[in-house]
Amino acid sequence: MTDHTRTLSLVLSLIRSGTAVTRPDLGRQTGLGRTIITQRVDHAIRVGLVAEGEPAPSTGGRPSRILRIDSGRGVVLGAVFGATHLHAAVTDLDGTVLAERRVAWDIESGPEASLATLVDVAGQLLSPELRERLWGVCVGVPGPVDFARGMPVRPPIMAGWHGFPLRDRLEAHYDVPAWVDNDANLMALGAWSRTRAAAGDNILLVKASTGIGLGLMSRGRLHRGARGAAGDLGHTIVAEESRHRCRCGKFGCLEAFAGGWALTRDARAAALEGRSPFLAERLERLERRGAPLAVTDVLDGCLAGDRVSTELVTRAGELVGGQLATLVSVFNPSTVYLAGVLAQAGDVFRDPVAEVVARRSLPLATDELVIDRVDLDRAEGVVGAATLAIDELLHPDLLDQWLRHGNPRGIRARTGDFTEPLPLDLPLAGAR
Ligand SMILES: [Zn+2]
């Protein structure tokens with residue numbers, strides 16, 4: 001990688017995040033001389049990555065023009081598999097969603113069928129004109145991922161996915177760089193990229209859906225840990241002596257009490273034992289159609305004032321809060337985001353989480369801590385996927401490879417050791 005690409009990448013990153021949007025600002029932020037800044041900005045404009053806008057408010061002297069990423073140059077495909085759905089979106093280089101689609105999908109259908117469905121759904125979003133401008137693909141899955149190799153590793157659910165070379169398959173199909181990450185990581189990145197000014201650069205995001213995942217942004221970077229296993233909150237133990245077997249095979253995992261599948265199990269038992277007229281009526285109606293009780297039925301119960309449903313979600317919140325309290329003490333985030341289906345229960349889920357965290361963590365860690373639902377209309381996962389793809393496309397190592405071709409077609413994603421720090425302390429750009 002040349003110094004030229006390194007500084008160009010830095011300039012692009014600062015413009016993209018809005019940290020510095022004029023030539024003089026770029027000079028001040030980077031400490032680079034005027035000649036270098038002028039050369040890099042001219043280069044970025046020449047290759048069509050940056051466009052010049054209106055003059056900036058004058059501070060005396062010659063007015064400088066506002067610079068922005070030419071967001072229409074390329075598009076990226078961001079998609080996230082949940083346990084029971086697939087959400088895919090095409091965004092421009094600002095991370096603005098141009099087209100999106102959600103479909104019901106069972107991740108247990110296996111990798112080949114899932115990939116075929118993803119390609120099919122993406123095909124409906126990518127018009128020939130957008131397909132022509134596709135620059136990158138990023139896909140999230142609900143399990144541990146070896147990010148450097150782009151494949152799931154021994155996921156507790158997702159039978160048949162272990163070692164499936166998802167990134168290689170995506171790159172072979174689309175002929176652009178591709179990345180694969182854990183879904184909660186992408187949701188954390190997506191939520192942070194849209195709210196970083198308010199949320200701060202140290203955030204946790206709990207995804208409480210069928211399973212329970214965690215994404216962690218540390219100083220504005222995703223923290224994946226030594227092997228990519230960071231954030232496996234759902235399979236931390238909450239009850240040593242438990243008889244509840246988890247989907248991972250262990251006993252007493254958080255998920256086996258507070259995961260959506262566990263709530264559905266307990267809701268069904270309550271319905272059958274006559275403890276909840278609401279759930280009993282719902283179960284009967286569903287069974288006539290041959291459909292199972294779902295966690296959304298428990299949420300409906302909360303809304304309808306059903307006591308058992310409310311207790312189940314409250315208890316889940318307390319258990320999640322208990323595990324989070326330890327993390328809050330260890331990591332000291334400024335914001336904890338709640339996402340996933342359970343977060344849609346609103347305060348019924350949020351309040352017990354916040355109450356237990358406040359009770360168990362140190363005041364210094366909780367005084368200004370914000371615990372709140374992500375407010376991105378459930379798009380945080382695809383926004384995060386798109387953000388990751390754009391961050392990586394503009395990383396100096398990759399930029400160096402594709403810039404002279406004008407676009408990243410035919411280029412493969414970086415592989416290898418992602419724990420190495422970046423050559424410059426790049427403020428990894430958020431979506432805006
Ligand atoms: Zn488990």
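Residues are classed here as buried when their relative accessible area is under 20%, as exposed when it is over 50%, and as partly exposed in between, with a 1.4 Å probe and protein chains only. The structure is a predicted model, in which local features need pLDDT of at least 70 and side-chain atom pairs count only at pLDDT 80 or more, while totals for chains, interfaces and linings use all residues. Residues are numbered from 1 along each chain as its sequence is written, and side-chain values use heavy atoms, with hydrogens and water left out.

Contacts of Gly 317, not counting residues up to four places away in sequence, are made with Phe 349, Pro 352 and Val 353, contact being defined as heavy atoms within 4.5 Å. The C-alpha atom of Gly 317 is separated by 21 Å from that of Ala 230, which is 87 residues apart from Gly 317 along the chain.

A nonpolar core is taken as a set of buried Ala, Val, Leu, Ile, Met, Phe, Trp, Tyr and Cys residues joined through side-chain atoms within 4.5 Å. The largest such core has 54 residues, and those with the most contacts inside it include Leu 12, Trp 179, Leu 399 and Trp 402. Helix 15 (residues 380-393) gives the largest share of this core, eight residues. Since domain 1 (3-69) and domain 2 (73-417) both contribute residues, the core lies between them; the domain bounds come from an automatic or database domain assignment. Leu 399 touches, among others beyond four places in sequence, Thr 5, Leu 8, Leu 12 and Leu 49. A second, separate core comprises 42 residues, including Ala 208, Ile 212, Ala 271 and Leu 283.

The zinc ion is coordinated at 2.0 to 2.4 Å by His 235 (ND1), Cys 246 (SG), Cys 248 (SG) and Cys 253 (SG), donors being N, O and S atoms within 2.8 Å of the metal (3.2 Å for Na, K and Ca). Along the chain, these donors follow the spacing H-x10-C-x1-C-x4-C. The four donor atoms subtend angles of 103 to 122°, so the arrangement is tetrahedral, a class that requires four donors with all angles between 85 and 135 degrees. Of the coordinating cysteines, Cys 253 is buried at 0% relative accessible area, whereas Cys 248 is partly exposed at 29%.

Key
Helices (H or I, at least four residues) and strands (E, at least two) are DSSP runs, numbered from the N terminus. Four donors count as tetrahedral if all angles lie between 85 and 135 degrees; four count as square planar and six as octahedral if opposite donors are over 155 degrees apart and all others between 65 and 115; anything else is irregular.
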